[in-house]
Amino acid sequence: MEPLLLIRDLSHGSTRQPRLREINLSIRRGERLALLGVNGAGKTTLLQIVAGMLRPTRGEVLFDGASLHAPGSTARRRIGFLPQQVACYPELSLQENLDWAARLRGLSPRARRAAIDEIIPKVGLEAVATRLAGRLSAGMLQRLGLAQALLGGPELLVLDEPTASLDPLQTEQIRDLLDALSADTSILLATHLLDDVRRLCGRVAVMRQGRLGAEHAVNDDIDLLTHYQDAQEAPA
Amino acid sequence: MSWSIALHEWRRLRAGLMFWLLLAFAQLTIAWLAFAQLEAFARIAPQLKSGGTALDAMDLVITPTLSSLTLMLLLAAPLLAMGGFAGEARSGRLALWLSAPLASRQLVIGKVLGLWLGLAPLLASALLTLALLGLAIEIDWPRFALAAATLTLLSLWLAAVVVLLSCLFEHPAAMLATSYGVLLFAWLLDSVTPPTAPWHWLALLPHVQPGLQGLWRSQDLVFFLVTTIAAILLAVSWLAQRRGEL
């Protein structure tokens, strides 16, 4: 089966100070891959490239067989992105913030309304739909960010540390939401929380100094902590 | 799609306090200036009539007030543009803008049109106040319409210029200070350079004043169109470069 996302020989940054070096990875439809790594390992840069925010210096990113960064590519519409810091306007309501995200995704007015009506109950925010985003709790904001990423039913969800700043209860709520996603939705998740990896992903790879280490299946046999430590201590 | 972005920007501006403060300030100032000019005109009107001078209420009340409105638009545009790309970067929202599956030109034009929509109520309310003076004084309506068209073009020009400047900074305060510097420079260029200097063409006042006085010149129209399009193209190229499209 052709991978949904295929990254080939991707590098980013200058030759002297590359942020990413010769990254190769693939994600099939419905597959969930976690990128583990310390801050500065290059996880966010890689996610920003996949989300279409940045273009690789070398190499290519193919989405469903077509170049993601080609002029006029429509692939970005099929990717949902949750950045590290949830993007919202505190002076607008939750609904209005979703409307903004839907406009940025290029949805028509009718499609926007339908997508917003569908997503609000899915993320459990019906009770606060008209509340200003500036008055939402951290957990609710993260769910708003997730709702923005899920608008229009993306096939690939790119999540940058979705539970990093949440308390245990809020973390669990976000994990439940991601767990409940359709089996067809692929996920590329950057995190440094091993619990996120265990709970949400089928595969894991460790990033270090802009390089991607070997991938492993996440199952009961794998000791993630040891795997993570080994990857960090391996020669660059 | 740009229009859809513009409507979002308009909604965002309306939701903020700054827009309403500026609207109230512009409205009060224009009303005060107009009535002060009207009072002065009423005092000298008999002398003007007996002296047979060609000056009328349009020259002594409406045009000076419209000149003040120009200055007010110059002050308001950078304040409203603080939520431009610099504001988006500062608030961590730029990620969603940059990853949007829309062309950079659609995003920039949406921002420019949105800011233009934000300036429109300031302009419209001031023009309406002045138009209501038509109940008391004689207004040359074609000339008034030309002045309104000139100010509409000026507000579009302002929107494009400050959106471009908002692209260049990560902090809205830096954008604000630079915008005022650039606009002040464009405003004063007329008085500090000889009319024969090539850069005198960039001076703002010589392109605004004729329109306010009822003179519609093609060179002014060309100035506004060329500089507005240039500012939009530069902003688009910045955004495209930021997204790695160039």
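## An exposed glycine

A:G72 sits in the loop between β5 and β6 (79-82) of chain A. From A:G72 to A:T171 the separation is 99 residues in sequence and 37 Å in space, C-alpha to C-alpha.

## Model and conventions

This is a predicted model, in which local features need pLDDT of at least 70 and side-chain atom pairs count only at pLDDT 80 or more, while totals for chains, interfaces and linings use all residues. Residues are numbered from 1 along each chain as its sequence is written, and chains are lettered from A and ligands numbered from 1 in the order in which they are written.

The model has an ipTM of 0.80 and a pTM of 0.87. In chain B the average pLDDT is 90, and 98% of the residues score at least 70. pLDDT is the predictor's confidence in each residue, from 0 to 100. Where pLDDT is low, the predicted coordinates should not be read in detail.

## Sheet and hairpin of chain A

Helices (H or I, at least four residues) and strands (E, at least two) are DSSP runs, numbered from the N terminus. Two strands pair if DSSP finds at least two bridges between them. In chain A, four strands make an open sheet with the order β2-β1-β4-β5 and antiparallel pairing. β2 (18-27) and β5 (66-67) of chain A are the edge strands, each with a single partner strand, so one side of each has no neighbour in the sheet. Two bridges hold the antiparallel pair of β4 (residues 58-63) and β5 of chain A; A:F63 has A:A66 in β5(A) as its bridge partner.

Strands β9 (residues 203-208) and β10 (residues 211-217) of chain A run antiparallel and are joined by five bridges. The bridge partner of A:M207 in β10(A) is A:L212. β9(A) and β10(A) form a hairpin with two residues between them, and A:Q209 in the turn has a positive phi of about 50°.

## Helices of chain A

Helix α1 (residues 43-51) of chain A is mostly covered, with nine of its nine residues buried. Among them are A:K43, A:L46 and A:V50. A:G52 follows α1(A) and has a positive phi, near 95°.

Helix α3 (residues 109-122) of chain A has 14 residues and, at 1.5 Å a residue, should span 20 Å; its end C-alpha atoms are 20 Å apart, which agrees. The expected span is 1.5 Å times one less than the number of residues. In α3(A), the buried residues are A:R112, A:A115, A:I116, A:I119 and A:I120. Seen down the helix axis, the buried residues of α3(A) fall within an arc of 125°, so they line one face; the arc is that of the directions from the helix axis to the C-beta atoms. These buried residues pack against α2 (94-104) and α4 (138-150) of chain A. The face of α3(A) turned away from the buried side carries exposed A:R110, A:D117 and A:P121. After α3(A) comes A:G124, with a positive phi near 70°.

## Contact between the chains

In chain A, 22 residues are in contact with 21 residues of chain B. Contact requires C-beta atoms, placed from the backbone, to lie within 7 Å. On the side of chain A that touches chain B, α2(A) gives the most, with five residues. The residues of that side divide into eleven nonpolar, four polar and seven charged. Ala, Val, Leu, Ile, Met, Phe, Trp, Tyr, Cys and Pro count as nonpolar, Asp, Glu, Lys and Arg as charged, and the others, Gly among them, as polar.

Note on methods:
A residue is buried if 20 or more other C-beta atoms lie within 10 Å of its own, exposed if 12 or fewer, and partly exposed in between; C-beta atoms are placed from the backbone. Two residues are in contact if their C-beta atoms, placed from the backbone, lie within 7 Å.
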